[in-house]
Amino acid sequence: MKPLERILLAAKTAPRHIVLSEGEDPRVIEAALRSVRENVAEVTLVGRRAIIEQTLTAMEAPDETVRIEDPRTSALSSRLAAAYHQLRRTKGVDATTAAAAVRLPLVFAAMMVRTGEADGTVGGAVATTADTVRAALQCIGRAPGIGLVSSFFLMMLCQPHHVKKGAFVFADCGLVVDPDAAALADIARMSAYSYEALAGCAAKVAMLSFSTNGSAAHERVSKVIEATRLAHAADPALVIDGELQFDTAFVEAVSVAKAPNSALHGEANVFVFPNLDAANIGYKIAQRIGGAEAIGPILQGLAKPANDLSRGCTADDIFHMIAVTVVQAGQASV
């Protein structure tokens, strides 16, 4: 079974309620309708009711297909505003400011998740990553025991020219700009858990660098070495190695030549980049030149699922992200 098919099957097996903060966007509406039609999720669209209903009519969708919540008129707004006020009052947010905040679709959707009205949320087709993540952090918050929220892309290699096929994780491609060794170790561990939850097989983590096993000496190499040590110390069962160049982590023959004692043997499926520059550039090259399908950025470390989208996303991209969010919600409830 292809990795994406596995994710869709897992979502259909236990569909959840996902709220989409940009419900007026035709791409979002199309993805929502497909999600309901294929039993991937129950969906709420957030936005101006008249605009959403007009698009649904143009798409010849039945009125009862999706739920619509207009923050300006919703019966939920007063309760969500009270909850937001209680949550943010120590930050200087008064009742009036809270009422204004929940009229913002991103905040409204995130507060629906926090209060249990929905199991997860997806945004970012229109909003920036900064705004999307800020709403998630302020409203949903970090999972217990988690000090860092990070992100990853699920990279699907499924084209005939791909020597290896399957799902791979690239992290952190969208959020943490320049993690120190401790943060990088956290990203590695969370990315491994995320990979296993979505791909259904054991993670093999490569801590990437421009050096392999001491071939170069630099403080940036030292950071990756220390991050590898910290991640393994925190989770001794984790299969992890670093510092490694990408080819050493990905190609068995190169691994034999450059790192014969590596635990990965060129079979890494989780690639942790040393900073956001490298990660963001790397995933875009894999996507645009290599033909990989990139799903993300997927957030990890939150108390409940909230995920970001690229503003250039398609309806298919949003549909797949809804499915990922459903699977994450299922894992969070276990």
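Why is strand β8 (residues 239-244) largely enclosed by the rest of the structure? Five of its six residues are buried, so β8 is largely enclosed; buried means under 20% relative accessible area, exposed over 50%, and partly exposed in between, with a 1.4 Å probe and protein chains only. The model is predicted: local features need pLDDT of at least 70 and side-chain atom pairs count only at pLDDT 80 or more, whereas totals for chains, interfaces and linings use all residues. Residues are numbered from 1 along each chain as its sequence is written, and side-chain values use heavy atoms, with hydrogens and water left out.

**Strands β7 and β8**

- Helices (H or I, at least four residues) and strands (E, at least two) are DSSP runs, numbered from the N terminus.
- Strand β7 (residues 204-208) runs parallel to β8, and four bridges join them; two strands pair if DSSP finds at least two bridges between them.
- I240 in β8 is the bridge partner of V205.
- Together with helix α9 (residues 219-234), β7 and β8 make a right-handed β-α-β unit. Right-handed means that, with the strands pointing away from the viewer, the path from the first strand over the helix to the second runs clockwise.

**Nonpolar cores**

- A nonpolar core is a set of buried Ala, Val, Leu, Ile, Met, Phe, Trp, Tyr and Cys residues joined through side-chain atoms within 4.5 Å.
- The largest such core has 62 residues, of which L20, L45, L154, V205 and M207 touch the most other members.
- Helix α8 (residues 181-199) gives the most to this core, contributing ten residues.
- At least three residues of this core come from each of domain 1 (3-145 + 301-330) and domain 2 (150-293), with bounds taken from an automatic or database domain assignment.
- A second, separate core holds 26 residues, including A101, V102, V107 and A136.

**Helix α3 and its surroundings**

- In helix α3 (residues 49-58), the buried residues are I52, T55 and L56.
- Seen down the axis of α3, these residues fall within an arc of 100 degrees, so they line one face of the helix; the arc is that of the directions from the helix axis to the C-beta atoms.
- A50, Q54, T57 and A58 are exposed on the other side of α3.
- The buried residues of α3 pack against α2 (26-37), β2 (41-46) and β3 (67-69).
- Just after α3, E60 takes a positive phi of about 55 degrees.

**Residue S74**

- S74 lies in the loop between β3 and α4 (77-88).
- S74 counts as buried, at 10% relative accessibility.
- Leaving out residues up to four places away in sequence, S74 touches E69 and F108, where contact means heavy atoms within 4.5 Å.
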